[in-house]
Each structure stands twice: as structure tokens, then as C-alpha cells.
Amino acid sequence: MEKKLILIAEDDPKVGESIRLLLKKRGYEIRLASNGKEALSLFRQETVDLVITDLVMPKMDGIELLEAVKGLRPEAEVVVISAQGTIEKAVQAMKLGAFDFIQKPINPRVISLVVERALEKQTLILQNRDLRSKLEDRFHFKNIIGRSGKMVKIFELIHHIAAYDSSVLIIGESGTGKELIANAIHYNSPRASMPFIKVSCASLSEGIIESELFGHEKGAFTGAIASRKGRFEMADQGTLFLDEVGDIPPTTQIKLLRVLQEGEFERVGGNRTIQVNIRIIAASNRDLQEAVKNGTFREDLYYRLNVVNIKLPPLRERKEDTPFLVNFFIDKFNQKYHMNVKGISQRAMSFLIDYGWSGNVRELENTIESILVINSPGVIDIQHLPQEIKDSQEKREVIPIKIGTPLEEVEREILIQTLKATKGNKRRAAELLGINVRTIHRKMEELEEPYSA
Ligand SMILES: Nc1ncnc2c1ncn2[C@@H]1O[C@H](COP(=O)(O)OP(=O)(O)OP(=O)(O)O)[C@@H](O)[C@H]1O
Ligand SMILES: [Mg+2]
């Protein structure tokens, strides 16, 4: 292992020299400077792991040196030496990020120990950071946000299967990110430099879907004035993304099955067999098993497509992703519109987290975009949220009670609804109602009495 480099800044040559000798014997590489200024210029020249600095020195003192070092390379550790009367400064140094301080006169054992611990801590931090950036590389697919357990599992799966050519079927409600995931698989696969071609099966009428997929020869049908390549040919060596695959008509399903099995097909109106090498990713917003049962989707085709199955959960089932998505979209649209929206208030964020998002991430994304475009607020707050989001909260927070309802009943209703809202958490309910937990227990017993009697 490479020797650790320690820089000593000490204006008393005797003290400086004794520390130098001591640490050199311990196997460290040492640089010695007689004031902060000299130390800083040495620090800039080499990758110093640890700085040991006296506090009171001419030209630049220990505190200034500490600040400069932490500014230049925060991972460099700093240990300060304090003489009598500089304890206050040493404490200040700790607040500014020093690892520890040692008091004069210097005890060789103490200084060795502190140095050892500082370097150990640094190694741990660096290893940790290394690990984390590796994990991020693995799980962070460009522009796909997800910290929930469910999404992290999906990222792991994608990472695992991207390298293979197996077909992938992605199922998820509208706006959950199916296309994003399809992209990620392609661009993390060995086919990344080859084409990624998308076909929206739902938007193509039965008459033209085959010519779109397989191409056609000149004169194949009225209007076919020239021969044309289909998406399969365009995607050769790359990936073909069959979006809304459930909408492919039955006759086309048979032909699709053949391409998947044999890798070959003919253009519409042609008899030349064309061979392609393609990876298929298909997507659907409803589970195709149902369609298979109904007989609208071929079972054999389903199994061909469904080699790897990815189920993208709706946003309401991974609410913990919402804050990350919100911040991601604020950044995104700040950049797009050259705005400087600083963030979002805690309360507004909790509205967004609670909201149902039937349009999933797409709806959330559009909401953030329109808030920025319409209001460009300094900080997003409740008043900037669309009415339906505000309403949805109010509905949840309001208990309708008729005028003239006996107080006892009102109390009972509020107690029950609050407990419902806190999912039975009595401590939280007590907090909301401004009473203590024991009172809640007592009131609940009272409520139950008429029924148990
Ligand atoms: N996890 C995510 N992180 C960041 N952006 C996302 C995420 N999921 C979805 N989006 C964004 O939401 C929008 C909708 O995503 P996408 O088009 O992939 O959804 P979809 O499932 O294909 O929807 P549909 O079924 O309507 O076609 C896109 O702008 C996409 O970038
Ligand atoms: Mg889509």
C-alpha cells in the first residue's frame, strides 16, 4: 500500500521536527512547513491525506489553514495542536471540521493514536463513497428516479437482464415509466449502439400495422407506390419496442410469433424471406393474462414475450418515491425554462405525496411543469397546487357533521375519524386532538361500552 502523506504546519522548529521524526518512524511520508501559508502551498502541490497544524502561527494561522484545506479537499483530515490558552480556538477548529486536537506538550503515543484513527476514518469514508458511487452506477439509470424497495428491485432486475437477448414484457398503468424502462434496458445492453425502434401498436389500424412492422413491396396494395422497410428491418441488430402490444390484431399476432420464433418474415406483398436479429421489449398497461383468458391474445405469443416480466407499480404504491421525483422535476423544469424555483414547502410536498396520481409519474411531471410555468414561485407552496389536489386533501381532512348533532356524537365521530386517518395510531391521534394517549384509551372504552353492554 502507498504511504500516507502527512503535512505538518508548526512554527516552532523543535516541535515540528520531533513530530516529523516520530511519524516518519511509524511509516508515514512527511512534509514540514513553518507556517500556514507555506503549508497551504505544499498542500496544493501534492495529495495530502492528513494535516497536523499548530493554531498560532505567523502569516496564516491554523484556523485559516484548516478552512482552506477543507475548502480544497474536504476528505483531507486535519488535526490541530493547541497550546495553553488556545483551547477555545481548538474547539472552534472542531466545529470547522477538524478531526481532533492534541494539547502541548505533545505525547508521542497520543499523537500516533490520533493520526492512526484519523486516517482510518478517512479510509472508511472513501471506501464507502466508492461503494456508493458503484451502487449508483448500477441502480441509477439515467433519469429514472426510484428509491422505493419496489423500484430498486426493478433496477436490479434490469441491470441483470439487460445483457441478454431475452424478450421483456413490461406491465404497468399509464404513465408509470414503461417506455423509460424499455429505453434503459436497450441503452444498458450490448445493443446500445444499434437502433432502438418503437412501434405504438394501438395507434396503427389493422390495415397498416403489418406493413409498418414488416414493410411492403411496391404494388403490394393500392398506394404502395414504392417498396418500404418495416420496423423489424429498421431495428435489425438493435431493439424493437412494441408498445401497447395487447392491441395487436389476431392475424398479426401469428406473424409476430413467427418472427420471434424464427427471426424471419416477408414484406407485405413480397416473397423474399428477410432475416433479422432483434431483441423484443413489449409493454402493455393491462395485464395480458386476462386477454389470453378472453382469447384476444395468443397464449403462445404471450409466453414468447413474457420471458422476463417487469411489473411497474403505480405511484400510489410507492409514495416514498414522490419527493425524489418532485425534486427531480423541479430541477428539470428549472433548467428547461431558466427558472430558479428553490424547492417546495413541507406541507405542499405532503399534499403531493398523499394525492392519488391516477396518471402516475406523467401526471406528477405535468403538474410540476405547469406550476413552474404558471406561477414560477420562489418556493412551491399549497396555493400553487392545482385545485383538484387541494380539494382531495380537504375532503380527507373534513368531517361533515350536521347542525344539532349531540356533542357526544360529535366527539365520537371525531375520535373515530381521527383514528382512521392515523391508521389506528393512538399516539398520533392524541397529538392531533391535543389530548394525551390515556384520554384516548379512556374515551375509546367509553365508546365501546354501549355496545358491549
Ligand atoms: N421513475 C421515473 N423517473 C423519472 N421520470 C419518470 C419516471 N417514470 C416515468 N417518468 C416520466 O413520466 C413520463 C411518462 O413515462 P413513460 O412514457 O415511460 O410512461 P408509460 O408507462 O410508457 O406511459 P403510457 O402507458 O401512457 O405510454 C415520461 O416523461 C417519463 O420521463
Ligand atoms: Mg408509453
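Modeller: In this predicted model, Val 168 stands opposite Ile 281 of strand E13. Numbering starts from 1 in each chain as its sequence is written, chains are lettered from A and ligands numbered from 1 in the order written, and side-chain values use heavy atoms without hydrogens or water. Local features require pLDDT of at least 70 and side-chain atom pairs pLDDT 80 or more, whereas totals for chains, interfaces and linings use all residues.

Strand E6 (residues 168-172) runs parallel to E13 (residues 279-284), and four bridges join them; strands (E, at least two residues) and helices (H or I, at least four) are DSSP runs numbered from the N terminus, and pairing requires at least two DSSP bridges. These two strands belong to an open, parallel sheet of five, ordered E7-E10-E13-E6-E14. Strand E7 (196-200) and strand E14 (308-312) each have a single partner strand, so one side of each lacks a neighbour in the sheet. From one strand to the next, the twist averages 20°.

Helix H6 (residues 149-161) packs on this sheet and touches E6, E13 and E14 (heavy atoms within 4.5 Å). The direction of H6 makes about 155° with that of E14, angles running from 0 to 180 degrees between N-to-C directions of lines fitted to C-alpha atoms, for helices over the stretch in contact.

Strand E10 (239-243) also gives two or more residues to the lining of the second largest pocket, as do helix H7 (178-187), helix H13 (322-337) and helix H15 (360-375). H7 gives the most, with five residues. The lining comprises 25 residues, of which Gly 175, Gly 177, Lys 178, Leu 180 and Arg 362 lie nearest the pocket centre. A pocket is an open set of 1 Å grid points with protein on both sides within 12 Å along at least five of seven lines, where a 1.4 Å probe fits; lining residues have an atom within 4 Å of a point. The space in this pocket is about 580 Å³, taken as that filled by probe spheres on the points.

For context, another open, parallel sheet of five strands has the order E2-E1-E3-E4-E5. Strand E2 (29-33) and strand E5 (100-103) form its edges, each pairing on one side only. Strand E1 (residues 5-9) and E2 are parallel and share five bridges; Leu 7 has Arg 31 in E2 as its bridge partner. Helix H1 (residues 13-25) lies across E1, E2, strand E3 (50-54) and strand E4 (77-82), at about 175° to E2. Helix H3 (residues 62-72) touches E1, E3 and E4, and its direction makes about 160° with that of E3.
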